Amino acid sequence: MTVYLYRLCYNYLAVLGALRGIVSRILIKHNLSRSLYGDVPLSIEFMFEKDVDLKKLSNYKIGGKADYFASVGATEELIEVIKEAKEKNLDIFILGGGTNVLIGDDGFRGLVIKPNFLSLTNDGDELKVGAGVTIKDLLNFCIDNSLSGLEWAGGLPGTVGGAIFGNAGAFGGEMKDNVAKVVSVNVDEGEPKVLERNNEECKFGYRDSVFKKLAQTGKREIITEIEFDLELGEKREIETKIQEKIDYRQAKQPLEYPNIGSMFKNVKWDTLPEEVQARFLEKKKNDPFPVLPVAVLIDAAGLKGSKEGGAQVSEKHPNFIVNVDSASSADVKALVDKVQNKIKAEFGVELDREVIFL
Ligand SMILES: Cc1cc2nc3c(=O)[nH]c(=O)nc-3n(C[C@H](O)[C@H](O)[C@H](O)COP(=O)(O)OP(=O)(O)OC[C@H]3O[C@@H](n4cnc5c(N)ncnc54)[C@H](O)[C@@H]3O)c2cc1C
């Protein structure tokens, strides 16, 4: 019954998103987007919500308001939204499931675009997935259709687009392992248009992709669709493997508090000072190359349970900074600084952040 209701709501939202897209496309096509409201483009009035509370869209439950927000589920609509934002000189931020971003207390002065592409089609051995589909829905689809290859992602929160952007990975698997093609639309350079890349062209690396690299050089693209290469498997086996990962996460991660996953990247083993290597030799891990888990260093520095305002270094998993009591972005940043400074002072190791600060 719960599953039925969930699917009903999901389909309803997808239809609503599609209808909104159709109406805005008609307005744009017939040039009505500017005529009805004088100076104010109707497309902005219609597609851009104003003063949207980003806290509600953040897994951390932290963050202020965005001046404008647009949830976009069709390519043509996305292109128009980007053009409109550029014409209005609005800064753009792309928000997926908000599971890897710390949103500032002041919010965002500009337009937040949420890629809400929700299609999921299985044509022969080609699985095409909209970037806004959650990993959870993708995995449920894989179970229903006996598709194997993504079992490692059991319990990974967020959207497929966000996972491609950062080449998310866990339990020895990474998004890159099963990606055949990624479709995107360019934001910053030239007229927005549809681009396609094969796996090699996506330049996947450890928590890295061409999309992340481009974003770092001010040439962002919005991922809209991903094509996966999966194999037919045994339904029960696929479901069991996914459930094992979910159970592991429930047991090891502080999912009872709002969080954005691991705050810092694990430290590459060969970059560690010799005395640190000697002290923590038995904690060395291959994931996906030799690393020392940051949680080991944070624990050894006595930082478990350490607090700044409503933010706390988790007792359960010290690489998670959890929101235990209405934490602000400033609280989290203060705690991040504290951890980085102590680890540097005690072990001579610089910790790199894994999450994005907006
Ligand atoms: C409890 C928990 C456990 C986690 N475990 C793991 C783990 O095991 N492995 C791992 O790798 N990560 C993990 N994460 C981090 C996070 O879930 C992943 O990085 C996830 O893939 C981010 O997806 P998102 O949709 O939430 O992206 P967001 O957090 O919304 O965005 C992340 C970045 O991606 C960009 N982005 C999002 N969507 C798009 C798009 N369509 N096109 C272009 N850019 C886009 C955003 O601009 C932003 O820069 C965990 C997080 C939590 C909360």
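Mentor: Helix 5 gives the largest share of the shell around the ligand, four residues. Helices here are DSSP runs of H or I with at least four residues, strands are runs of E with at least two, and both are numbered from the N terminus. This is a predicted model, in which local features need pLDDT of at least 70 and side-chain atom pairs count only at pLDDT 80 or more, while totals for chains, interfaces and linings use all residues. Residues are numbered from 1 along each chain as its sequence is written.

In total, 32 residues surround the ligand, and the closest are Gly-96, Gly-158, Gly-161, Gly-162 and Gly-261. By class, the shell holds 17 nonpolar residues, 15 polar and no charged ones. Nonpolar means Ala, Val, Leu, Ile, Met, Phe, Trp, Tyr, Cys and Pro; charged means Asp, Glu, Lys and Arg; the others, Gly among them, are polar.

As for the rest, the chain has ten helices and 21 strands. Of its 358 residues, 42% are buried, that is, with 20 or more other C-beta atoms within 10 Å of their own, C-beta atoms being placed from the backbone.

Technical notes. A residue is near a molecule or strand if its C-beta atom, placed from the backbone, lies within 6 Å of it. A residue is buried if 20 or more other C-beta atoms lie within 10 Å of its own, exposed if 12 or fewer, and partly exposed in between; C-beta atoms are placed from the backbone.
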